[in-house]
Amino acid sequence: MEGDQSSPVPTQKNEDQDGDQSDTVDAKPDRSSRHSLFGRKKKNGPEQQPEAPVSNQCRIVNPTFKYNMDHKKVGKCIIINNKNFEYQTGMGTRNGTDKDAGELSKCFRSLGFEVVTYNDQRCDDMKKLLKQAADENHSDAACFACIFLSHGEDGSIYGTDRMVEIKDLTTFFRGDKCRTLIGKPKLFFIQACRGTTFDDGIQTDSGLADDTEVSDANPRYKIPVEADFLLAYSTVSGYYSWRNPERGSWFVQSLCSILNDQGKQLEIMQILTRVNYMVATKYESQSDDPHYSEKKQIPCVVSMLTKELYF
């Protein structure tokens, strides 16, 4: 389930009806109403002080720990944009998702990806097209990306007919099944609810800091088949994900904003950290229904990447 920005209505009713522009959620409607801070003392000896921090340290990017992007192509980006759902699912129309899909397409094309968008896909359709993509020869590509825009629950995402587990869609790209992507980053972005819990937020004791602006696998060793995946979820496990019928989802719009501004300068985890910050600080749901008003959201990144990724 997902949240639109005015008054999210968790029913099958079209969110644009009667001009309602509320925040809504991409989930099924809820039918119920390091170390010690102090030095350690040596036996019979003086207290051992912690090592002093090195000042004026700068980050050095070691090429050994950067993914090799020097390929003929950046790679393919598949966008699965599910807006309309069959009656038996109980899921409403996801107004605003077409804006997300359009912005993502432009954004990833600007990064050099070959973008293909599929609208309103059933579960079997999603499995089929991703299996076909995994079976392609990616030898000339640096990476692969896939974006899901749909309703969801924790661990699952909706096709237009029913739910499917996310792992059943990502598994096609494991190292033992998609050999031409071994050692290359496989990126999955998921805009969908992961539960029905609201984040009410919490007031801080002070203002926000700095608040002035709104290589390929080496055949000589083995790597885990689950390595080099990154899953960027729009929200944390158990929570709603919000979407505005006119402006699109908070997560996707923030992701596109950061990628457009700094996508070719920052490392992927830096990019997604800034996305987390933007979603967490710049958005709050607005609704005529107090139950859905003034809610917050924080994205979640699960990374099995083994190197730094710069587009």
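**Note on the predicted model**

1. Lys76 is buried, with a relative accessible area of 14% (buried means under 20%, exposed over 50%, and partly exposed in between, with a 1.4 Å probe and protein chains only). The model is predicted, so local features need pLDDT of at least 70 and side-chain atom pairs count only at pLDDT 80 or more, while totals for chains, interfaces and linings use all residues. Residues are numbered from 1 along each chain as its sequence is written, and side-chain values use heavy atoms, with hydrogens and water left out.

2. The protein has five helices and 15 strands, taken as DSSP runs numbered from the N terminus (helices H or I, at least four residues; strands E, at least two). Of its 311 residues, 47% count as buried. The exposed surface comes to about 16500 Å², of which carbon and sulfur atoms supply 47%, the areas being computed by the Shrake-Rupley method with a 1.4 Å probe and, for residues, with only the protein chains shown counted as cover.

3. Lys76 belongs to strand β5 (residues 73-81), and its bridge partner in β7 is Phe144. Strands β5 and β7 run parallel and are joined by eight bridges (two strands pair if DSSP finds at least two bridges between them). On β7 there are also six bridges to β11, again in parallel, with Ala145 standing opposite Leu187 of β11. Strand β7 is mostly covered, since nine of its nine residues are buried. As a general point when reading such strands, side chains in a regular strand alternate between the two faces of the sheet.

4. A search of the whole structure finds 14 salt bridges, each being a side-chain nitrogen of Lys or Arg within 4 Å of a carboxyl oxygen of Asp or Glu. One of them joins Glu136 to Lys76, with the closest N and O atoms 3.0 Å apart. This pair links distant parts of the chain, 60 residues apart, given that Glu136 is in the loop between α2 (123-135) and β7 (141-149). Whereas Lys76 is buried, Glu136 is partly exposed, at a relative accessible area of 34%.

5. Asp154 and Arg194 also meet through their side chains in a salt bridge, at 3.5 Å from N to O. Asp154 is partly exposed, with a relative accessible area of 40%, while Arg194 is buried at 11%. Arg194 has a further contact, for it lies over the face of Tyr233, at 3.8 Å from the ring centre (a charge sits over a ring if NZ of Lys or CZ of Arg is within 6 Å of the ring centre and within 35 degrees of the ring normal). Lys186 is placed likewise over the face of Phe229, at 5.5 Å from the ring centre.

6. Arg174 and Glu226 form a salt bridge in which the closest N and O atoms are 3.4 Å apart, and Glu226 counts as partly exposed at 40% relative accessibility. Elsewhere, salt bridges that share partners join Glu86, Arg122, Asp124, Asp161 and Arg162 into one network.

7. The structure holds 15 aromatic pairs (rings of Phe, Tyr and Trp, the last by its six-membered ring, with centres within 6.5 Å; planes under 30 degrees apart are stacked, over 60 edge-to-face and the rest tilted). Among them is the edge-to-face pair of Phe173 and Phe188, at 5.8 Å centre to centre and 65 degrees between the planes. Phe173 lies in the loop between α3 (166-170) and β11, and Phe188 in strand β11, so the pair ties together parts that are 15 residues apart in sequence. Phe173 is buried at 0% relative accessible area, and Phe188 counts as buried at 0% as well. The rings of Phe198 and Tyr240 make a tilted pair, because their centres are 4.5 Å apart and their planes stand at 35 degrees.

8. Zero disulfides are found in the whole structure, a disulfide being a pair of cysteine sulfur atoms within 2.5 Å. The cysteine sulfur closest to that of Cys143 is in Cys77, at 9.1 Å, which is too far for a bond. Cys256 is in no disulfide either, the nearest cysteine sulfur being that of Cys107, 4.5 Å away. Cys143 is buried, with a relative accessible area of 0%, and Cys256 is buried at 2%.
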